Amino acid sequence: MTNMRIEIVTNEKQLQDAFQIRKSVFVEEQNVPIEEEIDAFDEIEKATHFVVYNDKNSPVGTGRFRKLMDYGKIERICILPEYRNSGVGKQLMEYIIQFAKQVGVVKVKLNAQTHALPFYEKLGFTVNSNEFLDAGIPHKAMAKEI
């Protein structure tokens, strides 16, 4: 987990870096249709996007955050396969949660793919729904007070 940095997306290049990671993980690896992956909240004005860069300035992970009513929604968390289990995902999630606190949120929610439930549980999230399908992939809703 050396020399990684997380940036909040403020320009088109960073946004394209985020989309590149999402397409690689969700569309190519998990076979999510591109029209389901890219949605109405992908404009910089509608969500805060985050990109993790490695020491060669290549994007290796991404996620997005939306402030809703009285909570924040964490979405589209993904890390390239070669960086999984290295602490990158944990660092990204902690960064987004800190951001959520800074914008006045006291609770964050997310929809986790069921294989990722243990990852989010280690970060303090608890399951609060039955299993459901999103883009054909089993998920459960989770939440955490922050």
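1. Does Asp42 count as buried or exposed? At 4% relative accessibility, Asp42 counts as buried (under 20% relative accessible area, with exposed being over 50% and partly exposed in between, for a 1.4 Å probe and protein chains only). The model is predicted, so that local features need pLDDT of at least 70 and side-chain atom pairs count only at pLDDT 80 or more, while totals for chains, interfaces and linings use all residues. Residues are numbered from 1 along each chain as its sequence is written, and side-chain values use heavy atoms, with hydrogens and water left out.

2. Asp42 lies in the loop between helix H2 (34-37) and strand E2 (48-53), where helices (H or I, at least four residues) and strands (E, at least two) are DSSP runs numbered from the N terminus. The side chain of Asp42 makes polar contacts with the side chain of Arg22 at 2.7 Å and with that of Arg64 at 2.6 Å; a polar contact is a pair of N or O atoms within 3.5 Å, of which, within protein, one must be able to donate a hydrogen and the other to accept it, and residues adjacent in sequence count only if both atoms are side-chain atoms.

3. Arg22 is also among the buried residues of helix H1, which spans residues 12-29. The buried residues of H1 pack against elements including strand E1 (5-8), H2 and E2, with contact meaning heavy atoms within 4.5 Å.

4. Just after H1, Asn31 takes a positive phi of about 60°.

Notes. The expected span of a helix is 1.5 Å times one less than its number of residues.
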